[in-house]
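Take a look at the model below. Then read on for a short tour of its inside.

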Amino acid sequence: MSNGNSCRDGASNTALWRRRNYLVATIGVAASSGCTGETANGGETTEPTEEEEEEEEEEEEEEELPEGVSEAEFESGPVPDEYVSAISLGGERRTPGTLASKSDVSFSEYDEALENDAHQPGRCCANCADYIPDKNGDGFGACAEVEGYIDGADWCTIYEELPEPESPEGIAEDELATAEVPEAYRTASSQGGEMRNPEALRSQADVQLMESVEAIADGPARPGQSCGNCAEYVPDENGDTWGACAKVEGYVAVEDWCVIWESLGDGT
C-alpha cells in the first residue's frame, strides 16, 4: 500500500509541478504580450471602440471644468463673485439678469467657429471687448454679455472687436514700441503678480509683439491668447486705454500678443 501511495503521490506531485510551470509560463507570456501590445497567440490587442473613445473624451472634458463646478453651472452660471459685475476688456460692466444664453449667440469652441460663416480668422473671446479674463487662476473667464464660464479660446456671434487705442498725447505712433511708459506703470505689478523692472525689459521686436487676431490667424499664437489674459500684462492705469508689460518695453495694448505670453491660470 505504501508503495502504491508513493507512486500516486509522485505522479500527483509531478502533475502539480507541470501545472504550476504551465501557469507560470502562461502568465509570463500574457505579461510579455501586455508590454508589446500583443495577445498570447501573437495577435494584436483589440482597439477601443468608437463609443469607448467618445466616453473617454467626455471624461476628459469633464475633468477640464473648474473644481466643484457642474456642467450646468459651467454653461449658465452662476460665475464666481469676482466676475458677477466685473468690467470687461472693452470697459463694459457685466450685469446679471441681462445676459444672453450661450445657445442664443451660437457660442462655440474656436475650431467649430471656423465653420461658421460669421467668424473671421483670429477672432476669439480673448480678444473680444466683452471678455473678462481669468481672475481666480482656474483658466476661465466670463463675458459682459453672455452667461456662464468662458474660455478665451471660444467665440460667439456677438463678438466685438476691441478698438485700437489712440497714441497718448505727445507720443508718435512709431514711438510707442520704445517710449517710456507713465510713472504708474514703471514698477507696477502685472495682473499675474510680476513686478516690472525697467532695467530688464525686452524689446517688442524681440518678442514679436503683434495684434492677437493677426497672431492667431497667421499661426504663431493659439486661440485664446492675448495680452489681456497674459500674466505679464499691466492693465490700463490712467484711462488712456494703453497698458504695459512686466517683461517688455513700451506701450502695450490689451489686444496685443507676443511669444512670451503666459497664461493667467499658470501664475495666479
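Leu209, Cys227, Cys230, Glu232, Tyr233, Cys245, Val248, Val252, Cys258, Ile260 and Trp261 line the second largest cavity. On a 1 Å grid over the protein atoms alone, a cavity is a set of points where a 1.4 Å probe fits but cannot get out, and lining residues have an atom within 4 Å of a point. A pocket is an open set with protein on both sides within 12 Å along at least five of seven lines.

This is a predicted model, in which local features need pLDDT of at least 70 and side-chain atom pairs count only at pLDDT 80 or more, while totals for chains, interfaces and linings use all residues. Residues are numbered from 1 along each chain as its sequence is written, and side-chain values use heavy atoms, with hydrogens and water left out.

The structure holds two cavities of 30 Å³ or more. A volume is the space filled by probe spheres set on the points, and grid points are joined across faces, edges and corners.

| Space | Volume | Lining by class |
|---|---|---|
| Largest cavity | about 100 Å³ | twelve nonpolar, no polar, one charged |
| Second largest cavity | about 80 Å³ | ten nonpolar, no polar, one charged |
| Second largest pocket | about 440 Å³ | ten nonpolar, five polar, four charged |

In these classes, Ala, Val, Leu, Ile, Met, Phe, Trp, Tyr, Cys and Pro count as nonpolar, Asp, Glu, Lys and Arg as charged, and the others, Gly among them, as polar.

The largest cavity has 13 lining residues; Cys125, Cys128, Asp130, Cys143 and Cys156 are the closest to its centre. The second largest pocket has 19, with Ser88, Leu89, Pro235, Asp236 and Val254 nearest its centre.

## Cysteines

How many disulfides does the structure hold? It holds zero. A disulfide here is a pair of cysteine sulfur atoms within 2.5 Å. For Cys124, the nearest cysteine sulfur is that of Cys125, 6.8 Å away. Cys124 counts as buried because its relative accessibility is 0%. Buried means under 20% relative accessible area, exposed over 50%, partly exposed in between (1.4 Å probe, protein chains only). For Cys128, the nearest cysteine sulfur belongs to Cys143, at 6.1 Å. Cys128 has 8% relative accessibility, so it too counts as buried.

## Cores

A nonpolar core is a set of buried Ala, Val, Leu, Ile, Met, Phe, Trp, Tyr and Cys residues joined through side-chain atoms within 4.5 Å. The largest has 28 residues, and Phe107, Ile150 and Tyr233 have the most contacts inside it. Apart from this core lies another of eleven residues, including Tyr185, Val234, Trp242 and Ala253.

## Confidence

The average pLDDT, the predictor's confidence in each residue from 0 to 100, is 84. At least 70 is reached by 76% of the residues. Over residues 1–40, pLDDT stays under 50. Where pLDDT is low, predicted coordinates should not be read in detail.

How values were computed:
Contact means heavy atoms within 4.5 Å.
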